[in-house]
Amino acid sequence: MTHEVVQKVESMGLRLADAADETERLGKLSDESVAVIREAGVMRMLAPKEYGGFEAHPVEFAEAVMAVARNCGSTGWVCGVGGVHPWEMALCDRRVQEEVWGENPDTWIASPYMAGGIAVPTDGGYILNGHWQFSSGTDHCDWIFLGAMVGDADGNPLMPPKVLHVILPRKDYTIVDDSWKVFGLCGTGSKDIRVTDAFIPTYRTIDANEVAEGEIAAERAGRTQTLYRLPFWAMFPLGITASVIGTTEGLLQRVYNYQASRTNASGVKVKEDPYTLSALSEAAAEISASRTQLLDGISRAYDLADSGKPITFEHRALIRRNQVSCAWRAVGAADQIFARAGGSALRLDNPMQRFWRDARAGLHHAIHVPGPTYHTTALTEMGVEPTPAQRVLI
């Protein structure tokens, strides 16, 4: 049965589609886009039930993100990134959960997790300084997760490095306006963040390695639900890749609608052109396979956790390999159908070009860089132990 949030998103899809141009023009989500996401409850899908969340299966969350992205790639991206943050917040100290959700369970949380700052230990916590890029949806968020390396008294990173995810309220960081001028995913508002001498209480931090392992963080947080025992590098990429695949689905849908009545430059009706029709079907099959592969990976991880079996590094590597692959496969298919859509597809008043730009831009996120993940997965499959550096992002 389709999750109620997915049903709501689908029923309000036209509102998202109508607001997409404004979202792109503003360089952040429009008020209407934000209203739809709040009404549907997308950002609460992975939140714990005691704070008004759904504790949904991650497949259902991915399906909701794809449903959003089919109508607006930027809004889907913000949901894919921001929608995972409540999942991690559920693994944090209960004091910070109460601070974030106590008065408003629909409080949105931003990131990024890149270790762009140094956290120097002090009495009761850390002093944080740093500069981070790519904080998607940040204008609509009241709290933020930031990646930071623990430093010494002089502000130099400790060696071997220790990475924390630190949590700050909106008053303790600065959003750098006018720092998001891009070619695709323009409406995500993925602006820069600056922090200067912010005090972070220890309870507002979580060890990045513990979250990566999944079960360790869940045990510390007293979470026994299967959802919260999954590894970070299976969950965080899920939402991002889901948004990319959903965006390609949105492009495919609009190409079908457009090509049905189009006559190409040779005077041939596209519906009578076997070459274009064959390319459309081949691309549609690739996008469908990408969706299936993405959902299969997180389903396998969930089933392992649910049965009490460990999710090994090899499992995680295979999930990441396939997740990266399906993103590239879907966007490659989008390239093929967009290239056959004619010159009018390039016009700025034609939404097809926006979907194509957003899908292309989505491949530039670090979790979609294929080389290191493919390299490490191949080593793991050969029985070769990867180095610590090769385990990053897996």
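The questions and answers below take up the helix pairs first, then single residues.

Colleague: What should I know about the model before asking about residues?
Modeller: This is a predicted model, in which local features need pLDDT of at least 70, side-chain atom pairs count only at pLDDT 80 or more, and totals for chains, interfaces and linings use all residues. Residues are numbered from 1 along each chain as its sequence is written, and side-chain values use heavy atoms, with hydrogens and water left out.

Colleague: How are α10 and α13 oriented to each other?
Modeller: Helices (H or I, at least four residues) and strands (E, at least two) are DSSP runs, numbered from the N terminus. Axes are lines fitted to C-alpha atoms, for helices over the stretch in contact, and angles run from 0 to 180 degrees between N-to-C directions. The axes of α10 (residues 232–259) and α13 (residues 351–362) come within 9 Å and cross at roughly 155°. Angles under 35 degrees count as roughly parallel, over 145 as roughly antiparallel, 65 to 115 as roughly perpendicular and the rest as oblique, so α10 and α13 are roughly antiparallel.

Colleague: Which classes of residue make up the contact of α10 with α13?
Modeller: Contact means heavy atoms within 4.5 Å. On the α10 side are V244, T247, T248, G250, L251, R254, V255 and Y258, and they meet P351, M352, F355, W356, D358, A359 and G362 in α13. Ala, Val, Leu, Ile, Met, Phe, Trp, Tyr, Cys and Pro count as nonpolar, Asp, Glu, Lys and Arg as charged, and the others, Gly among them, as polar. The contact of α10 with α13 has nine nonpolar, four polar and two charged residues.

Colleague: Is the crossing of α12 and α13 left-handed or right-handed?
Modeller: Helix α12 (residues 313–339) packs with α13 at an angle of about 150°, with the axes 10 Å apart, and the two are therefore roughly antiparallel. V331, A334, D335 and F338 in α12 meet M352, Q353, W356, A359 and R360 in α13. A crossing is left-handed if the near helix is turned anticlockwise from the far one by less than a right angle, and right-handed if clockwise. The crossing of α12 and α13 is left-handed.

Colleague: How many charged residues are in the contact of α5 with α10?
Modeller: α5 and α10 pack at an angle of about 165°, with their axes 7 Å apart, which makes α5 roughly antiparallel to α10. The contact is made by G73, G76, W77, G80 and V81 of α5 and F236, G239, I240, S243, V244 and T247 of α10. By class, there are five nonpolar and six polar residues in the contact of α5 with α10, and the number of charged ones is none.

Colleague: Which helices do the buried residues of α1 pack against?
Modeller: Buried means under 20% relative accessible area, exposed over 50%, partly exposed in between (1.4 Å probe, protein chains only). In α1 (residues 4–11), V5, V6 and V9 are buried. They cover an arc of only 100° around the axis, so they lie on the same side of α1; the arc is that of the directions from the helix axis to the C-beta atoms. The buried residues of α1 pack against α2 (13–26), α3 (31–40) and α4 (58–69).

Colleague: Is N71 buried or exposed?
Modeller: N71 sits in the loop between α4 and α5 (73–82). Leaving aside residues up to four places away in sequence, N71 touches G13, L16, A17, A20, R254, R354 and F355. The C-alpha atoms of N71 and A20 are 7.6 Å apart, though 51 residues separate them along the chain. With a relative accessible area of 14%, N71 is buried.

Colleague: What relative accessibility does H140 have?
Modeller: H140 lies in the loop between β3 (125–135) and β4 (143–150). Not counting residues up to four places away in sequence, H140 touches K28, L29, V34, R38 and W108. H140 counts as buried, because its relative accessibility is 15%.

Colleague: Is D197 buried or exposed?
Modeller: D197 is found in strand β7 (residues 191–201). Phi of D197 is near 50°, a positive value in a residue other than glycine. Since the relative accessible area of D197 is 53%, D197 is exposed.
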